[in-house]
Amino acid sequence: MVLSKPASDSDLSMLATSASRYVRDSLPRYEMPENSIPKEAAYQIIHDELLLDFKPKLNLASFVTTLMEPECDKLIMESINKNYVDMDEYPVTTELHNRCVNMIARLFHTPLGGSEDAIGVGTVGSSEAIMLAGLAFKRKWQNKRKAEGKPYDKPNIVTGANVQVCWEKFARYFEVELKEVKVTEGYYVMDPAKAVEMVDENTICVAAILGSTYNGEFEDVKLLNDLLLEKNKQTGWDTPIHVDAASGGFIAPFIYPELEWDFRLPLVKSINVSGHKYGLVYAGIGWNIWRSKDDLPEELIFHIKYLGAEQSTFTLNFSKGSSQIIAQYYQLIRLGQEGYKNIMENCHENAMVLKEGLEKTGCFEILSKDDGVPVVAFSLKNKKGGHDEFEVSEMLRRYGWIVPAYPMPADAQHVIVLRVVIRAEFSRTLAERLVHDITTVLHELEKLPPKVNSESKEFHVNVEENGSNGVVSKRKSDLETQREITTYWKNYVSAQKEIKRQKVMAS
């Protein structure tokens, strides 16, 4: 005979989380709960809610690495409790950081002796690296102006309008005027000639982008350097260049080794690169490398003693995890130049597969370049029925893909772009599948009725007026507008049903 007894409070922790009281109430959103809950319940509830996020591997909006080898994941977890700033307590981690700086600096052709240490620092990402580089340029310019007895209160920096938002942050946070070279339709990066025209005696540096966020294109750093050298010679200025190689810094050295964009050019004084992009590390690591000690003013470096031993620091953040630094060193020695070259070539080839597939549809104009970051940027040639890139982006989410749609920067805002970033974990099969799903979306859009702007109560019709074609506006009543919207949605629902019916018949 089997005896049973009611579960006591102490037995509740033995029940499955899905059978417990902890899933019966909503989780607190604004205040900490009064009581604790079992660790199993806390994990499962959060885990289940996170399932509603999209899959990182299919997030084609992001440049950030989403997959690393299990051995590197293990190293990350082993070091996740180390605070990098405690250099005296974690000397080996500090040594690995310095090895990364030296390897990356030599990758960028820093003029160094055989065993000479490079000048650089690991950061939380390229945003922090750009802040540090900008501060160094500003302080060096100010020091020079003070020594010459000239005003030093109106510094400016010249960039293209296509720069990432971190440059705007630097300018606003540190009171530097941002002078932007506007882009034009068909030319979506900074024009070096126009940039040099904007340079004046208050320009602390010109920032060039090796891999535009908008379409992956490399800016012509070599031409910028040559034009700026000539202007410096004519004016007596010594305006330098910073290269924002957040995306392209781990690409160009391996598949475009002859391209001159780095410290081979004399005016390039600092370079930033994102380890968490094509450096192939999870989010949270960037690097800034200076050409020489003279390019980093000493007064920006802090020397602290309260962590056990005197150490130097030049960062905006103080505490920082060690995991990503160790992961970067793992990738550098694990892959070597051979591995990075193979991966970057694969990314480029997969980008070409995607580009060719999109071109075959006949519906898209490709706005990215074959040479550059493996990004495919494209826009619709014809927006039939008012259906646009934003709608393509929205419909692709039903297939699990995150493909952003956005306007180009200043003076080309009317150009709307879809962009796919090809990362190391994006395979040929996925590229082919994406082309298939985009083609499916295009067919679905063709079957939908024309879009109606429900926010507007005006419509335009072509009429014959005084013997010539003209456009007039006519005010609709609220009832007419409502009827039109209702008709649109009826047609939309009918079209969706027809699409589903055809899919069922095809299967």
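Me: How many bridges join strand S11 to strand S13?

Reply: Strands of a sheet pair through backbone hydrogen bonds, either parallel or antiparallel. Here four bridges join strand S11 (residues 375–380) to strand S13 (residues 416–421), and the two run antiparallel; two strands count as paired if DSSP finds at least two bridges between them. Strands (E, at least two residues) and helices (H or I, at least four) are DSSP runs, numbered from the N terminus. This is a predicted model, in which local features need pLDDT of at least 70 and side-chain atom pairs count only at pLDDT 80 or more, whereas totals for chains, interfaces and linings use all residues. Residues are numbered from 1 along each chain as its sequence is written, and side-chain values use heavy atoms, with hydrogens and water left out.

Me: Which residue of S13 does phenylalanine 378 stand opposite?

Reply: Phenylalanine 378 faces leucine 418 in S13, while alanine 377 has arginine 419 of S13 opposite. Strand S11 also pairs with S10, through three bridges and again antiparallel, and there isoleucine 366 stands opposite phenylalanine 378.

Me: In what order do the strands of this sheet lie?

Reply: Four strands form an open sheet in the order S10-S11-S13-S12, with antiparallel pairing. Strand S10 (364–366) and strand S12 (405–407) are at the edges with a single partner strand each, so one side of each has no neighbour in the sheet. Neighbouring strands are turned by 40 degrees against each other on average, direction ignored; such angles are taken between axes, which are lines fitted to C-alpha atoms (for helices over the stretch in contact), and run from 0 to 180 degrees between N-to-C directions. Helix H10 (residues 389–396) lies across S11, S12 and S13, and runs at about 35 degrees to S13.

Me: Are the faces of S11 covered or open?

Reply: In a regular strand the side chains alternate between the two faces of the sheet. Both faces of S11 are covered, with Val375, Ala377 and Ser379 buried on one side and Val376, Phe378 and Leu380 buried on the other. Buried means under 20% relative accessible area, exposed over 50%, and partly exposed in between (1.4 Å probe, protein chains only). Six of the six residues of S11 are buried, so the strand is largely enclosed by the rest of the structure.

Me: Which residues touch the most other members of the largest nonpolar core?

Reply: A nonpolar core is a set of buried Ala, Val, Leu, Ile, Met, Phe, Trp, Tyr and Cys residues joined through side-chain atoms within 4.5 Å. The largest one has 93 residues, of which Phe108, Val243, Phe250, Trp261, Tyr278, Phe378 and Trp401 touch the most other members. Helix H9 (residues 323–361) gives the most to this core, with 15 residues. Apart from it lies another core, of 14 residues, among them Ile157, Trp167, Val176 and Ile204.

Me: Which residues of helix H3 are buried?

Reply: An α-helix has 3.6 residues a turn, so residues three or four places apart point the same way. The buried residues of H3 include Thr93, His97, Cys100, Ile104 and Leu107, and what covers the buried residues of H3 includes strand S1 (119–123), helix H8 (252–255) and H9. Just after H3, histidine 109 takes a positive phi of about 60 degrees.

Me: How many aromatic pairs does a search of the whole structure find?

Reply: Rings of Phe, Tyr and Trp (its six-membered ring) pair if their centres lie within 6.5 Å, and planes under 30 degrees apart count as stacked, over 60 as edge-to-face and the rest as tilted. The search finds nine aromatic pairs. One of them, phenylalanine 170 with phenylalanine 174, is tilted, at 5.6 Å centre to centre and 35 degrees between the planes. At 0% relative accessibility phenylalanine 170 counts as buried, whereas phenylalanine 174, at 22%, counts as partly exposed. The rings of tyrosine 214 and tyrosine 406 have centres 5.8 Å apart and planes at 65 degrees, so this pair is edge-to-face. Tyrosine 214 lies in the loop between strand S4 (203–209) and helix H7 (221–235) and tyrosine 406 in strand S12, so the pair ties together parts that are 192 residues apart in sequence. Tyrosine 214 and tyrosine 406 are both buried.

Technical notes: Contact = heavy atoms within 4.5 Å.
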